[in-house]
Amino acid sequence: MRYYWLGSLFALLVSACSTPAAKQASTPIHIRWARDPETLDPLALSNPSAIDAINLLHLALLQVDFQHNKYAPALAQDFPGVRYEGDSLTLLDYQLREAATWDNGEPVLATDVDFTLKLMHCPGLPNENSRAQYGFIRQVRIDPANPRRFTLVCRSRSAETASISGDFPVLPEAALDPAHTLRSLLLATLQDWPLSRSPAPAVAAVVRRYQQANLARQPHNLPGCGPYRLASWQTNQELHFQRKAHWWADKLPAAPIVLQARPQELVFSVLPDDAAAALALRRHDIDVYPQVPARIFQQLQASQAARQELVFYTHSSYDILTVGFNTRRAALRDRRTRQALSRLFDPVRLLAATQLGQGTRTVGLLPPSSSFYNDSLPLPAYAPAEALALLQQAGWQRGADGHWRQPGLATPLAVVLRYRAEEATFATTGLQFKSAAAQLGIPVTLLPAEGSVTTAALQAGDFDLYIRLIKGSPFGLNFATILHSEAIGSGNFTGFGRPDTDRLLVAISTEGNLARKRQLLRRFQAIIQEEMPVLPLFFLPYRLAATRQLQHIVPSGLKPGYAMTALAWPAAVPPASHP
Amino acid sequence: MLRWLIARLGRAAAAAWLIASLVFIASRLLPGSPEQQALAEAGDLSRPAAGVLSAANQAQNRLALRRRLGLELPLFYVTRSPGPPGRWQWHGTANQYHAWVVALLHGDWGHSYRDGQPVLALLRQALVYSLPLAGAAAGLAVGLALALALYLAQEPGGLLRQVVFTLLSALQVMPLFLLALGLLLLLANPDFINILPAAGQGPADATRWQLAGYWAARAALPLLSLVLAVLPELTLPLVALLRYETRAGYATTARAKGLTAMQILRRHALPNAVLPLLTTLADLLPTLAAGVVVVEVLFALPGNGRLLAEAAAAHDYPLVVGGVLLTAGARLLGLVLADVLYFLLDPRLRPAA
């Protein structure tokens, strides 16, 4: 008995280190997160981990169906009916589900949706991102005859307005504004309230109550209507979510996939280092490792023991590796110069070197799987001879000193390439381009820097070329944010934009007829390839590795790269034996 | 002595204040900003609802965020207006620095930009992990360094002594990240040896003692990494000092009296060699502070090093400045303590002497 405690400790360590326990339906599923969510404030939408966590606690009108990569009705009974008013307004008629309730049993009503949208415009709350994203919703018209029916009045004629109008967590009015004081203020009034003016007393009181609730760290202070509750949160270590025993959607006769929540417990382990996370997966400390870097994925797949224990998935994402050209620079003003430089990037070799060849090459900003993809255009390819010819066509002449000069320009052709320092793919791309450009005698200066420094430099136009990842999605075809002349100084870093392209971008976002939209988008892709303000190199893949015992793994090209509420352990599994 | 101590502590506090003030001002003058981090990146196609976010819209959002974080005030009492002609402007007490100082004097270290939590609470939470880790690493490393130095300082020769010496030299040039990763791959790897946990919280149904045992095992790898990283830095100079002392006249006399080599080292050489070791010990804090960042990231420990590294990356100024104030204070206090120990061990060095 003397050494019993030592023996039991050793047994505990050995069991904790090596042997996977038998999985039951109630066994927690451990998932890797690279970073802590930091705040679970439902208005903040601060980082991907926080968005994932908030989606477990709260529900939106429409949620992402990861199986089909599209929105599906969640709190809403169905997709909204679409009507148009005048030249610039879209009216979306929503009906909330009868069964939808908060944790305290109170029904989810249209007034809650109205209240949530108003919260997005209350000063002093961390709502800047929500405000930017949903500022196009100007009014909520509640049906006086039916408290679950309402109309969103949107300042947009975009064809995608309907599907993207409902993806925000709906919050309970009764918990934060029991006296309904915000109802007397119109949403548009709050939106147009000058920053310099002090908020209305009703707004200030709601803001005070919201701040006192400390939702960033204590989300249980606000009833949710999502399937999970936060059981514990050890900052920078672990977040533990437990499924609610009585969740309203369980009563639905045939719950859609967005209202299914299989895991009884979800545990997110914050493991910042990729190599340590891979070892944690091998040691069964975690069961799911999403967004696996290429090198780690390759190492895991190469190990026979890992192949026996794990399953691997690769799915094309909507994130595009792009090169941008500063069209305002004198040397890059001629599109032939930009085309010439684009021929010095080698997407094929870069794909092999950085992504194990698993990404998808593309002619433009749309994925080849899209029905709007222009397959008549050639894929960008490494072609130094073409680059040489294009440079000469643009009037560049190589001098005796080896430098390229253009009449009228004082300085020879030289390129400053900016990118975020922490991305290995960007560094490899930069080095490949520098080496290819050196062979033609074009000096390239690589300027890797910290993320926010790079973004600030791009917005200020302090670059010749940049490499960055554009996060895309299948939900909207609105390229105005990066190519419209009005977005110069904001999201349009390249400075590209002409009246005709601006009109085309607006037409694309508002066109409802699919055939005409296809035509417009094919033209758009051709113009971008011709004008070359940006060069899309390839779509990155999402890689996922998971314990083989896990079932219902739905990989997706949308973040987080899988459907977390679909995961489940098999009904009964004998303990696996490992050598 | 007391007057000296008070003056020295006062100077240390002033120096810590100065360092924190410099970091406060410098962090806000750096390119990049907290709003750049907090606001969703412009030029992102995954949020098509945003429409054309014009520069004016973005400026409006940025202003709202700056106001919420208290960044709309001028930075200091005096600032130079941007662009020509660049005149100096006096802002009185309505500035960020003054607000920070006043709050600090009232015990308020500010709130994190990212989650709005009090800085002091965040630092305290993280120190629960970092202090025991760094303290245990320092204690273990000093004990091991003394033992190893006494062993290595004996007559040169012997294969084992040479091997230990070579290993220490190799450890000295090895980056901590590589060392810690090597230990992780060696001792927590199912393909090799898998005897130590390196992530997780321990089994949920474990008793309190089992959990304590689990955390002791969980701390083994980070502790070992830190100890091995600082061991050469402590041991090798001490070996050289001990060898130097054994060549001194008093050591020869002791040897002539019939004392063994170990007796000479422990009774005579070590007390003389230990004084310079105090300076090395005072320098240990920055090494350990840098070391815990690496091990906390690699072994997923929510300590102070990781907290500050992430805060710096996110431009979370209040947390960065709070962390700097804490670290600078500890470092300066360490130097004062080293001086006090000097005076206790060698009365000739006392200020009154």
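Mentor: Two residues are in contact when heavy atoms lie within 4.5 Å. This is a predicted model: local features need pLDDT of at least 70, side-chain atom pairs count only at pLDDT 80 or more, and totals for chains, interfaces and linings use all residues. Residues are numbered from 1 along each chain as its sequence is written, chains are lettered from A and ligands numbered from 1 in the order in which they are written, and side-chain values use heavy atoms, with hydrogens and water left out.

Start with A:Thr565. This residue lies in the segment after strand 19 (534-547) of chain A. Helices (H or I, at least four residues) and strands (E, at least two) are DSSP runs, numbered from the N terminus. The relative accessible area of A:Thr565 is 19%, so the residue counts as buried. Buried means under 20%, exposed over 50%, and partly exposed in between (1.4 Å probe, protein chains only).

Now its surroundings. Setting aside neighbours within four places in sequence, A:Thr565 is in contact with A:Leu56, A:Tyr228, A:Gln260, A:Ala261, A:Arg262 and A:Pro263. The side chain of A:Thr565 reaches the backbone oxygen of A:Gln260 at 3.3 Å. A:Val258 is 307 residues away in sequence, yet its C-alpha is 8.4 Å from that of A:Thr565.

Contacts across the sequence run through the whole chain. In chain A, 70% of the contacts with a separation of 6 or more join residues 24 or more positions apart. Chain A has 19 helices and 19 strands. Buried residues make up 58% of its 579 residues.

Helix 3 (residues 110-119) of chain A is mostly covered, with 10 of its 10 residues buried. Among them are A:Asp112, A:Asp114 and A:Lys118. The cover includes helix 4, strand 6 (137-142) and helix 8 (201-213) of chain A.

Next, salt bridges: a side-chain nitrogen of Lys or Arg within 4 Å of a carboxyl oxygen of Asp or Glu. One joins A:Arg148 and A:Glu98 (3.4 Å, N to O). A:Arg148 sits in the loop between strand 6 and strand 7 of chain A, and A:Glu98, 50 residues apart from it, in the loop between strand 5 (89-95) and helix 3. A:Arg148 is buried at 14% relative accessible area, whereas A:Glu98 is exposed at 53%.

Finally, the partner chain. The contact takes 71 residues from chain A and 68 residues from chain B. Together they bury about 5800 Å², 56% of it on carbon and sulfur atoms. Buried area is the accessible area (1.4 Å probe) that two parts lose on being put together, summed over both. On the chain A side, A:Glu128, A:Leu195 and A:Gln237 lose the most area to chain B, together 12% of what that side buries.

The interface has 4 salt bridges. B:Arg114 pairs with A:Glu38, the closest N and O atoms being 3.0 Å apart. B:Asp115 meets A:Arg217 at 3.9 Å, N to O. B:Asp115 lies in the loop between helix 4 (96-105) and helix 5 (119-152) of chain B, and A:Arg217 in the loop between helix 8 and strand 8 (228-234) of chain A, so the pair joins two chains. B:Asp115 is buried, at 10% relative accessible area. A:Arg217 is buried too, at 15%.

How values were computed
Polar contact = N/O pair within 3.5 Å; in protein donor to acceptor, adjacent residues only side chain to side chain.
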